[in-house]
Each structure stands twice: as C-alpha cells, then as structure tokens.
Amino acid sequence: MNHGKISIRYARALYEYALEHQEDKAVYADMQMLARTAAEVKGMTVFLANPAAGRQDKLNLLQEASGGKKTCATTRHFLEFVLDKNRESSMQMIALMYAKLYREKNHIRLGQVTSAAELPARTLDKISAFIRDNYHVSVEMSTRIDPAIIGGFILDIDDNRFDASISGQLQKLNNYAGH
Amino acid sequence: MPDIKPSEISNVLKMQLDGFKQKLEFEEIGKVLQVSDGVARVFGLEKVQSNELVEFEGGTMGVVLNLEEDNVGVVLLGPTESVKEGFTVKRTKRIASIMAGEGMLGRVINVLGEPIDGKGPIGGETFEMPLERKAPGVIFRQPVNEPLQTGLKAIDAMIPIGRGQRELIIGDRQTGKTAIAIDTIINQKKAFQDGKPIYCIYVGIGQKGSTIANLVQTLEEHGAMDYTIVLSATASNPAAMQFYAPYAGVAIAEYFRDTGRHALIIYDDLSKQAVAYREVSLILRRPPGREAYPGDIFYLHSRLLERAAKIISNDRVARRMNDLPDSIKDKVKGGGSITALPIIETKAGDVSAYIPTNVISITDGQIFLESGLFNAGVRPAINVGISVSRVGGNAQIKSMKKVAGTLKLDQAQYRELEAFTKFGSEIDAATQSVLDKGARNVEILKQGQYAPLTAAQLVAIIYCGTNGLLNDVPVARVSEFERQFLDLMGVKHPDVLEQLGQGVYNDTLTDVLRKEAETLAATFKQ
C-alpha cells in the first residue's frame, strides 16, 4: 500500500474545505503547530498509532497539540473526522502536507537563517528583501543560533540550502582535498 | 610524531587550494521525521532520485529507496543511532557507488569500500563504479568458451564452469559450500603467477566476523590474497549494508571485467542477502509476498547475476558498451569476464523453497551439496545426479571432455544400482562391474580441502577411473593409488601432463597413461 498518498489526499480535502469556510489561514497555523509538536514530542506518533489507546484520549492529544482552545472550528471538525476514518497515525504527515499546500497556493516560502551569533534586524530584513525580490514570493523568516558553524550564515529556503558558513566552507575544502 | 601523508605536503595542498573554486550554490535538503531500524523517513528532498546517495548531518550516508508523495524512505549505511529525528539530509546528486581499483587486492573492505583490515588506506588510483548498473546488452557479450578451473575433480570433470558463467552452489548448512568457493580461489594462484590473473572477489554477507577472519587467514596462508578482495558485511552490520554487499562486490568485479580482465565473484550467501532485503522492505512498508519477501525479490537477484558476463573480445564494440561509468570510459577493453558463484543455503535439503528456486532458475547451473554424502565421507559432497552446468561444457578443455564424457552418467547409474543392492538381492556380473567401477570413481572424486589439482592431473586420474584401470585396486586404497600415480606421472612424464593440460588428447598420450596405471595397479593387486 502506498501510504504516501493518504496524507496528500486528506490535506487537499482539508484545504478546499477550509477555503470554502474562509478558515484556511487559521487552519494553517493549527497544522503548523501540530507538525511542530509531533516533531518535538517523542512518542506522540507512536501513541496515535496505538490501537489500544482510546479515541477520546487521541482527540484530546491532537487538539492540545494543534493549539488547545485556540484551534479553529474547521481544525476541530477535521481532527474528529480523521479519527473516525482511523487515520490518526498519518496526522503528522497530513499537517505537514497541508502547510506545504497552503504555502504553495499563497506563494509563501519558509526561510531560516542560521548564524553563529545573533544577527541584527537590519541584516535579516535585507535577506528577506533579497528572497522577495529574487523569488517574487513572501517569506516566513525564522532565525536559529548555532555556534558550531563558526561564522558566516546558512540560509534555508524551503528545501534549498545556501551554506555560506565557515564550517561549511571547511567541510567543502576537506572533501575537495580528498581527506 | 604524527603520520604525514604525501598528499599533505604544503606544495600539494597549495595546488589543491588553487584548484578549489569557492562556489556557493543552493543544495537540496530535507528533514528526518522518523528513524528506526536502519530506515529514515525524510520530509523534503523533492527532487531526489531513487538509489541516490544522501548525506545526513554528522556524515552518515544513506541510499534513497522509497519515493512517496509525502516522504522519502532512506536506508542508512551506518548505525541508526547516528541519525536523529530533525536532522538535516543533503542530496549528493550521486548514485550509490564504490571506488574500485587494483589497490583493493589483498584487502578486506566494507560495502563503502573502506578498509577494515587495519592496513591503512587503499592505495593507488581508484575509479568510481556504480553499485546499481545495467548488465551488458546482448551485442556486447560473447558465449562462454573459456574454462574456469576450480581444481576440484568432481566439478571440473562433471559440472564444468566457464568464464562468464553463473553457477549456483546450493546445500544445507555444513555441507562444504564455502569450501568449494575457497578452493576455487586458491586454484587461481597458478594463473596469477603465469601472468593471466583471474581476480577473485569474495563477498561475505551476514557472516560472523570470526568466519571472515579465518577465511582471510586461510587465503593468506595459501598465497591467494595477492589476487583476492574480501568484501564483508557481517551479521552486525545494518541490513542495508548486507543487501548492498553483493552489488558493491560486482561493481568492483566490473572494473576488472570492463578493463579486459577476468574476475571471479563469490556471493556467500544470497539467502542471507534476501533476508536482509526482506527486513528493509518490511520496514519501508512495502507489501510482503510469499514467505514475506517483497515482490521484487526475484529482480533483486536476477539483475545482480545478469552482470556476470563474458564481454566481446572486439575492443571497438566493447568501448560502446551500455551504461559504462565515466571513470573508466577511456580504459575499456574487450575480452573480460565475470564468473559468479552465488551460494544459497537450504533448510533440510529443500530446494523448492522460494529463494532457492528463484536463484536456480536465474543461474546457468547448480552444484548441489548433500549432508548425507558429506556425513558419509564423500567430500566435496556433490550430488552428481541433480548438479548441472548448462553452458560450461562448451568451455571444457578437449582432453577433459573426452575422458569425463561418460563419468556423470556412470555415477548416476551407480547411485541408482547401489540403492537396489542395499536390499541384498543377487546381482549379475555386469551390474557388479558397474558397482565396482562406480565405487572407485566415488573414491577418485573425493578430494581434500585446500588441495586443488591442475587440469592435467585431473585428466590423468579421471582417465584411469573411467577406463576401469583401477579394477585391481581395492576401494580403500584408491586415494593412495591416485597419489602415487600422479607423483609418478609428474616425475616420469611431465611432457604428457603438460600436453593433457593444454587439451591435447591422442592415442600416444592415453597409451602412456594406460601403461603406467596398469603397472602401478598391479602392485596394489591383493
């Protein structure tokens, strides 16, 4: 069975439903929260896949993971629908695929800048402007500080990485010299 | 003092730095969502290709096996603990490959081509050879016409193997399957010394580390490591390493084949590789089929064994061979070959299980070993009746073909009659003579381990057996006769042996054999 098809079908249905009810943006926030929680909380997907766990417990967990009381009506309705269809084990992938679909439809790209020290706001604005001008899309920018990169920065735009860090340059030099 | 490699001299480093263009470009990445049992599920990597090598944060490599709509399934070529959820994965835009070269000879390596024998890095020039590659097309092949001598009487006489052939060695555990493979490697020593080497690659899959260590020691003791590469994916390696091991081995063998040389590759064993592939497939949630193996288990073995081939001797045509890797394009020569000896372990002699039947149908014949024969002291324990070689006969030297022509039939007949005589019924003289001859032939075909014979010696002793020259020799003393006869021939008639080894067969030579055998047999008469 091709499990990869399940999540995209549910995500597409959710997007169209949310669009009709003009809640696509709110659902996007909920799904992002859900995907982030699933990645951070170890054991969440295992619990969801466990047939011995009760439906109500799973629903409570999914609602909490997607924002608790702040979740929109469409999200709450969708979570119950997924549980009825016994597809809760695919919920993390559905959330990820929804977020991806939403960004595609709204011409949004995810950007992340990793630097060794905190970057001034002015530099971040410049990077955002650079992406906006070159890709003609809006950017959801986030930052991360990782001293291990020594210096420079790493820019991730969706699935693409521009590595201008010192550690990356050293690694490339090392690979080139054949060590 | 720390070790300084020649490649680390300042001038060399400076030259390398000069050539290092600092190119900054976008790389494609993904994020690990889930990792367990040697398989990682990755979100992102949208443009990644099947079988592409990917690099995880921290340097662990992986191979992309499953492309799904929402994730990518990657098998890890390193410990599962080295990859964590949330790690970044980078595309390398390279298909999984191994760096092959002459420097690997005499070494023990892993699936990634890294040495694991503690003798330092692999030296010399190496060439990138892809693990997955299409087998040569029909026009780049040539029929099997050159023999590959195993040095084992039973095989070279009755189940001959030709260069470019795939001959399966099949049998239960502890029946001497690996022993046949090792003896075959050891027997290539003379060819290596004569400057016509057959490079041997032994691929150990899912075996104990100690077994590999013993094997390497044996090969070293017999001077066989000079032309041998041992590739090992032991039982403690991840399943992905175990199922890629034969592909890495054949990629190295292809380097020799495509540069006009001969290679012999032994897969020990493909049943364990199938089990490793089943494990990976089930973790990747591929639908299970018979015995829980995935649907493409036949293709897993057929595409591997199809790469064993005899390449056309015309260099011009060989250079246009399909799917040649760029690294060896200017070095291609015709006339090379890969001979494959896959090994399959059966359970309680059941050759009708899934994997044995698959591999039997793919190969050009099989050598079937039986524990009953092994325990009865018939070693190598080959069941002559069901062992066949479909193409090797064309490659057999003329003298061997002449003397051993009826041996297989005689032995099959002997086994049948022998079963009848066990009821204790009276037997006529003709039957008794078949039984006598058969019993002596069985003794002749017995052979000690690590004691391969030359083609000439094989022809000489089998001539005695098939022509009934041992009738006066008691069955228990046949091996003694054999030893004395071969010593005698070596001392008195080296010219006769040389001619027999070259395939010459005429009355003059057979007269000498007959005369010497009869004289010697008379001394054994009771």
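B:Asp269 is buried, at a relative accessible area of 3%, where buried means under 20% relative accessible area, exposed over 50% and partly exposed in between (1.4 Å probe, protein chains only). This is a predicted model, in which local features need pLDDT of at least 70, side-chain atom pairs count only at pLDDT 80 or more, and totals for chains, interfaces and linings use all residues. Residues are numbered from 1 along each chain as its sequence is written, chains are lettered from A and ligands numbered from 1 in the order in which they are written, and side-chain values use heavy atoms, with hydrogens and water left out.

**Salt bridges**

The partner of B:Asp269 in a salt bridge is B:Lys272, which is partly exposed at 31% relative accessibility. A salt bridge here is a side-chain nitrogen of Lys or Arg within 4 Å of a carboxyl oxygen of Asp or Glu. Over all chains, the structure holds 36 salt bridges. Three of them are listed below.

| Salt bridge | Closest N and O atoms |
|---|---|
| A:Arg161 with A:Asp156 | 2.8 Å |
| B:Arg166 with B:Asp364 | 2.9 Å |
| B:Lys272 with B:Asp269 | 3.0 Å |

In chain A, A:Arg161 is buried with a relative accessible area of 12%, and A:Asp156 is buried at 5% relative accessibility. B:Arg166 and B:Asp364 are both buried as well. B:Arg166 lies in the loop between H2 and strand S10 (168–171) of chain B, and B:Asp364 in the loop between helix H10 (354–362) and strand S15 (365–369) of chain B, so this pair ties together parts that are 198 residues apart in sequence. Helices (H or I, at least four residues) and strands (E, at least two) are DSSP runs, numbered from the N terminus.

**Cavities**

There are 3 cavities of 30 Å³ or more. On a 1 Å grid over the protein atoms alone, a cavity is a set of points where a 1.4 Å probe fits but cannot get out, and lining residues have an atom within 4 Å of a point. A volume is the space filled by probe spheres set on the points, which are joined across faces, edges and corners.

The largest cavity has a volume of about 120 Å³. Its lining includes B:Ala154, B:Met158, B:Gln411, B:Arg415, B:Val442 and B:Leu445. Helix H2 (153–158), helix H13 (407–421) and helix H14 (429–445) of chain B each supply at least two residues of this lining. By class, the lining has 8 nonpolar, 1 polar and 1 charged residues; Ala, Val, Leu, Ile, Met, Phe, Trp, Tyr, Cys and Pro count as nonpolar, Asp, Glu, Lys and Arg as charged, and the others, Gly among them, as polar.

The second largest cavity holds about 60 Å³ of space. Among the residues that line it are B:Pro147, B:Leu148, B:Asp156, B:Ile397 and B:Met400. This lining divides into 6 nonpolar, 2 polar and 1 charged residues.

**Surface and remaining positions**

A:Ile150, A:Ile166 and A:Leu170 form a nonpolar surface patch with about 280 Å² of accessible area together. Patches are made of residues with over 30% relative accessible area and no salt bridge, nonpolar side chains (Val, Leu, Ile, Met, Phe, Trp, Tyr) being joined within 5 Å and like charges within 9 Å. Accessible areas come from the Shrake-Rupley method with a 1.4 Å probe. A:Ile166 is found in helix H8 (residues 166–176) of chain A and is partly exposed at 40% relative accessibility.

B:Arg477 is placed in the loop between helix H15 (455–466) and helix H16 (478–492) of chain B. B:Arg477 is partly exposed, at 31% relative accessibility. From C-alpha to C-alpha, B:Arg477 and B:Ser232 are 41 Å apart in space, and 245 residues separate them in sequence.

Methods:
On a 1 Å grid over the protein atoms alone, a cavity is a set of points where a 1.4 Å probe fits but cannot get out, and a pocket is an open set with protein on both sides within 12 Å along at least five of seven lines; lining residues have an atom within 4 Å of a point.
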